[in-house]
Amino acid sequence: MSTAEQAGRPTILPLVVEKVCFDIGGTRLIDGITCTIAPGTRTIVLGPNGAGKSLLLRLCHGLLQPSAGQVIWAGSAAQTARRQQAMVFQRPVLLRRSAAANITYALSVRGVPRRERKRLVAEALELAGLSPLAQRAARVLSGGEQQRLALARAWALRPQVLFLDEPTANLDPSATHAVETLLDRIHQSGTTIVMTTHDLGQARRLASDVLFLHRGRLIEHAPAAVFFTKPQSAEAAAFLAGRLLW
Amino acid sequence: MDEFSAAPRLAIALLLSLDRDLVAIVGLSLAVSLSAVALAAIIGLPIGAAIAVWRFPGRAAVVALLNALMGLPPVVVGLALYLLLSRAGPLGELGLLFTPTAMVIAQCVLVTPIIAALTQQTVADLHEEYDEQLRSLGVGPARAIGTLLWDGRVSLVTAILAGFGRAIAEVGAVIIVGGNINRVTRVMTTTIALETSKGNLALALALGLILIVLVLAVNIAALMLRNAAKHAMG
């Protein structure tokens, strides 16, 4: 059962990205990407630096507006769909207040009634293993704890889709492991995951589907098992073989 | 230069004697400047933050203007307010000329651009870091301003201190709109100006020393507050 069904909210998935382009100063950075993200998947966006992975995430999440094409959420306008999504960034942006207060803030912005906030905050902290640090100032937590708090804050909103932009790029292996475990739990609760990474090992561990980008174009969109064993394009094969690609 | 050697002794003697005139002058200085800074913070903080967050046409010009206003000459502000508040002026009915209220208004006019401009810089930096996360959470511009001000509170103390420094040290505006009337509108800086012109250099210097100590004390207190907050909230 997905998060949406549990809460009795209309589902916003699948997400359809239709011929989306994004230009800055006359340079085309995202070039006509079309794809569909199905509910319940764990889609990993792969590609070399500058392929447009982060841009694609921001376009899907609505932080950027496409120069052409459209991002279509099933049955809802972009504004209502936004409330069913959350995003975690490479560098967690935490407010200068306690760990618990960071989550409370996000809930109050979303209009969650006061009496429900306390329970949701406690649950989210518990899930992330941060309960003992609830009253600690968020900004003095370690890098790994900060990223887990960012994930807990995102999950507290019970998003149908969670976008993650290189969430472990700045973390050491043990903190990365903790974040991946947390991601597993969040996915199990019914949240669809869309995440960028440049770490192939991580992609193999997490992906159910892979979107492979190169120079702003979508080269391959395949189930992970297929992508990692039989890449269909020369670029993907080269990328998987660890050859430099630009 | 006898004045230089006499001044510290005179300053200490004045302080120890708790001279009634001195206490009144120091008290009024603090009351006027603290009120002006409080008022300027109430106006300047939201304005500075709003300019930092809202993208509107002509924004760069507004920022430039705000920065320029930081250097507003006190005598010009004093003169302008004098014209507005004088009996024949448009606000003459209020009867505010030569009152402490007029002095508060004058210092507020001087300090508001300082607080607003420094707030704009602080909040703009913070906004750059927070913008995507706040938009992702669905935070609207009005709420974002409140959040950014609160998260910038440690740095904003500096902006308010800069404003206080300007207010308490300023003489040109308060002497014009206050008139330096004994026991009514006489503050430290106007007294120093008066005593200097009367030739009481040692007394003027002693008052100057007290003024500096006062400013230092306020800054140290604010700095301690700032460090405590930084320690607690990262």
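Author: In this predicted model, 15 residues of chain B are in contact with 17 residues of chain A, two residues being in contact if their C-beta atoms, placed from the backbone, lie within 7 Å. At least two residues each on the side of chain B that touches chain A come from helix 5 (100–137), helix 6 (141–151) and helix 10 (201–233) of chain B. Helices (H or I, at least four residues) and strands (E, at least two) are DSSP runs, numbered from the N terminus. Helix 5 of chain B gives the most to this side, with seven residues. By class, the side of chain B that touches chain A holds five nonpolar, five polar and five charged residues; Ala, Val, Leu, Ile, Met, Phe, Trp, Tyr, Cys and Pro count as nonpolar, Asp, Glu, Lys and Arg as charged, and the others, Gly among them, as polar.

Residues are numbered from 1 along each chain as its sequence is written, while chains are lettered from A and ligands numbered from 1 in the order in which they are written. Because the model is predicted, local features need pLDDT of at least 70 and side-chain atom pairs count only at pLDDT 80 or more, whereas totals for chains, interfaces and linings use all residues.

As for the chain behind this side, chain B has 10 helices and zero strands. Its C-alpha atoms fill a box of roughly 65 × 50 × 30 Å, taken along the principal axes. Among contacts in chain B with a separation of 6 or more, 79% join residues 24 or more positions apart.
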